[in-house]
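Here is a short briefing on a protein model. Look over the sequence and the structure first, then read the points below.

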Amino acid sequence: MSLCILDIPVLIVIGFVISYLFAKVWRWDYPDIYATLSTVVITVFWLNAILCAFDVIEPWGVGWVTTEVNGWVALFIVLAYPLWFGWGAERARVLFGRAPDQGGLLWPFSLEEKTKPFRPAWRGGASKE
Amino acid sequence: MVPWRRATRENSIQQDGGGLMGKRALVTGANGFTGTHMVEYLFSQGWEVVATDIRREERGSYYCEEGDLHPSYFEGYSERTASRFVTADLTDKESLLPLFDQHYDVVFHVASLYDYFAQWDELSRVNVTGARNLGEVAAEAGVGRFILWSTEGVYGDQDHHSIDEDAPHNPSNLYCKSKAAQEEVMWELHAEHGLPLTVVRPGPIYGPRHTYGVYHILYALEKMGTGVVISLFPKKYNLTFPSVHVKDLTRAALYVAERDQAEGEAYNVLSDCIPQVELMEFLCGALGMERWGRVPVWWPLYKAGAGIGLKYVRWLDRRARSKGARPKIDVPMIEYMTHHYEFSNQKIKDLGFEFIYQDPRRGLWDYITWCKDRGWL
């Protein structure tokens, strides 16, 4: 079965970017958007993998990084897509924070304060201000 | 005989339900975090309190006060609970004289320039010269007792030993050096002018209204959003973290003030020290952090990493100064978190004092809840 080995790094990068945007921009106003986007992305990649497996389409990157793998191994790799996506997403949260009021592990290493103020716990969560 | 009891008896003071009335105290730094608590506690114990502090506009040049988020000057608290509020500046001896137109059973010298970013000239002027001014006037006025607020920081890093009050002073930063110098000056006044001195050396203080020091550890954790709990091995190198709830500190200050045998003595005032790794795990949980983990690190590797980290933070500090800004976390705060500070509170326990928050986790839980209710964390 043909798989594009670049699927995994691309998933990591997409997870990283979506997670960053969610934490910094969308989290308080659109609390469900991360789940929606991640579902869409994983669905697209899974769909692509299934279509490739049934030879409906050719894997992207043919002649460059496409790789032939045993069917069961390919299944294992494809099922692990959400984990790779999540791994990339978590790296963004660790580095840049999980919400607009956080700055991640990089926060102490800069002089300028770019994060928003905390909100009182009784107004916390995902509700709008 | 406790001095204030002698004084109140001479003044034919009334009795109220078995308690003595008419005990009078002077509290300096009364509009600061600890000062407001000291005034409130004395008031609750039936003391007549004269509160003093400088004006907010004079204080602004010293303190890192960032509006509502990190206030360090609390107008209204002392005015509500003190029987009299007098504006005075420690660095101006003349301005202190009107404070002593009446007898004080106890002077609580809480005021201090507590700012790790401040330069030596300012620190020395407020903490050393200011304390000397107050001590001289108080000794001349014949106060019953003088309680000086020092800090555990005067001991510095003592290489993995629990430190009692007899340990030599080895302060590691300018603020702690100014407090060590302050103590020296006051002990001189005690020896040469008979100032009835007792020194309290609190660990890092926290509690309602606290916004500088322990708060910054919580603030940084919350801002980072991910907790990294470093567990050192071999285990004997695990660091400890001292702290004290302001409620315990004010109680302890009054407790030693009321005891004859405490005159001429110094006391460490802090909850039992707990390992930093346990404290950090507790804080991550109490702050409700979504993700945190324990990372085992070999001690020499940690020392090397901490050394590099400190160098970077010092560089950040210099860069901030050159830009007229200040870093998010002051250098000494990082030093505290990367060195071993373990102090014994046995001496004050032997005096009979009992802490409400012997385990700091209880106090920190209360404080974190207080901060979260206000959007400070």
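Contact means C-beta atoms, placed from the backbone, within 7 Å. Helices (H or I, at least four residues) and strands (E, at least two) are DSSP runs, numbered from the N terminus.

This is a predicted model: local features need pLDDT of at least 70, side-chain atom pairs count only at pLDDT 80 or more, and totals for chains, interfaces and linings use all residues. Residues are numbered from 1 along each chain as its sequence is written, while chains are lettered from A and ligands numbered from 1 in the order in which they are written.

**Helix α6(B)**
- Its buried residues include L123(B), V126(B), G130(B) and L134(B); buried means 20 or more other C-beta atoms within 10 Å of a residue's own.
- A kink of about 25 degrees is centred on G130(B), the bend being the angle between axes fitted to the seven residues ending there and the seven starting there.
- G142(B) follows α6(B) and has a positive phi, near 70 degrees.

**Sheet of chain B**
- Seven strands form an open sheet in the order β5-β4-β3-β6-β7-β9-β14 (chain B), with parallel pairing; a pair needs at least two DSSP bridges.
- The edge strands, β5 (84–87) and β14 (266–269) of chain B, each pair on one side only.
- Five bridges join the parallel strands β3 (residues 24–28) and β4 (residues 48–53) of chain B.
- R24(B) stands opposite E48(B) in β4(B).

**Chain contact**
- Chain A gives 19 residues to the contact and chain B gives 22 residues.

How values were computed
Two residues are in contact if their C-beta atoms, placed from the backbone, lie within 7 Å. A residue is buried if 20 or more other C-beta atoms lie within 10 Å of its own, exposed if 12 or fewer, and partly exposed in between; C-beta atoms are placed from the backbone.
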